[in-house]
Amino acid sequence: MEKLPARVGWLWVKQGLDVFRKQPGALMALFFSCMFIAMLSLFIPLVGGMAPVVLAPLFSVALLQACADIDQGQRALPNLALAGFRKPVRKPLLLLGVIYLLVMMLSMMLLTLLDDGVLLKMATRQIPMDQELIEKSRSALFISSVVYMVGWMLSCLAAPLIYWQKMALGKALFFSVVTVSRDIKAFLTTAVSLFLMFQILTAIPVLLFSSAQIELTAIFTIFLMMIVLMHCTLYASYRQIFGTPDASPALSKETP
C-alpha cells in the first residue's frame with residue numbers, strides 16, 4: 001500500500017466530524033457510561049488508581065464500535081461500554097492497557113528527572129504552588145508529554161486491530177507501529193488539526209465569560225467532546241487503511 005499524503009489526516013478529521021454529528025448525544029452517553037465504569041474501577045483494592053488507564057483500551061473499542069454502528073446507519077447504545085470486556089478480546093486489551101500504563105509511568109519518570117520532581121510535588125501538595133517554578137518546568141512537561149503522545153500514537157491502532165481483526169497483542173502492536181510510521185504525515189496532520197481545533201474552541205469561553213467557574217466548565221466539556229471526536233477520527237483512519245468493520249452483531253441481524 002502506498003504512503004498516504006499529509007492532507008489525508010485532515011480528511012480523517014472531517015470524516016470523524018461527520019460521524020460525530022450524526023449521533024452526538026448517543027456518543028456522549030456512551031462516553032459517560034465508560035467514565036462511570038472507570039470511576040467504579042477506582043474502588044478496586046490495590047490497583048484502583050491505575051485501573052482507569054489499564055481499562056482505557058476497552059473503553060476505546062467501545063467508542064470505535066459505536067462509530068462503526070453509526071457509520072452503517074445503526075444506533076449507538078450505552079451497552080457498548082461493555083464490548084471490550086468480552087472474550088476473547090478482553091485479555092489482550094487489558095495487556096495493552098498495562099503497556100499504556102508503562103508508557104505513562106515512563107513519561108512521568110522523565111518529567112521527574114528533568115524538573116527534579118517539582119511539578120509532581122506541587123500536584124501532591126508536598127510544596128506550595130509557585131508560578132516561577134511552574135514556568136521553569138514547562139520544557140520538562142512538554143518533553144514528557146511528547147514522549148507519551150508518541151507512544152500512544154504509535155499504538156493507537158492496536159486496540160481496534162485486537163477487537164475487529166482478533167489479532168494477538170504483539171501482532172496488533174507491530175501492525176500499528178508499522179502503519180503509523182508509514183503514514184506518519186497523515187497521522188501528524190490529524191493530531192495537529194485536533195490540537196488546533198481544541199485550542200480555538202477553548203478560547204471561545206475565555207472570551208465570552210468573565211466567570212472562571214463557567215470558563216472551566218465549558219473548557220472541560222469541550223475536552224470531553226474532543227476525546228470522543230478523536231475516536232471518531234481514529235475510526236475514519238482505520239476504515240480507510242483496513243476497511244470498514246462490521247456493525248455490532250446484536251444489531252446487524254433483523255429480528256423475526
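**A closer look at the aromatic cluster**

Tyr238 is buried, at a relative accessible area of 2%, where buried stands for under 20% relative accessible area, exposed for over 50% and partly exposed for what falls in between, computed with a 1.4 Å probe on protein chains only. The model is a predicted one, in which local features need pLDDT of at least 70 and side-chain atom pairs count only at pLDDT 80 or more, while totals for chains, interfaces and linings use all residues. Residues are numbered from 1 along each chain as its sequence is written, and side-chain values rest on heavy atoms, with hydrogens and water left out.

Tyr238 belongs to one aromatic cluster together with Tyr163, Trp164, Tyr235 and Phe242. Rings of Phe, Tyr and Trp (for Trp, its six-membered ring) count as a pair if their centres lie within 6.5 Å, and a pair is called stacked when the planes are under 30 degrees apart, edge-to-face when they are over 60 and tilted for the rest. The structure holds 9 such aromatic pairs. One of them joins Phe174 and Phe175, an edge-to-face pair with 5.6 Å centre to centre and 85° between the planes; Phe174 counts as exposed at 51% relative accessibility, whereas Phe175 is partly exposed at 30%.

Phe242 is partly exposed, its relative accessible area being 26%, while the buried Tyr238 has 2%.

Another member of the cluster, Tyr163, has Lys166 over the face of its ring, at 5.7 Å from the ring centre. A charge is said to sit over a ring if NZ of Lys or CZ of Arg is within 6 Å of the ring centre and within 35 degrees of the ring normal. Lys166 is placed in the loop between α8 (158-165) and α9 (169-182), and the residue counts as exposed at 53% relative accessibility. Its backbone also deserves a look, for Lys166 has a positive phi of about 55° although it is not a glycine.

Technical notes:
Helices (H or I, at least four residues) and strands (E, at least two) are DSSP runs, numbered from the N terminus.
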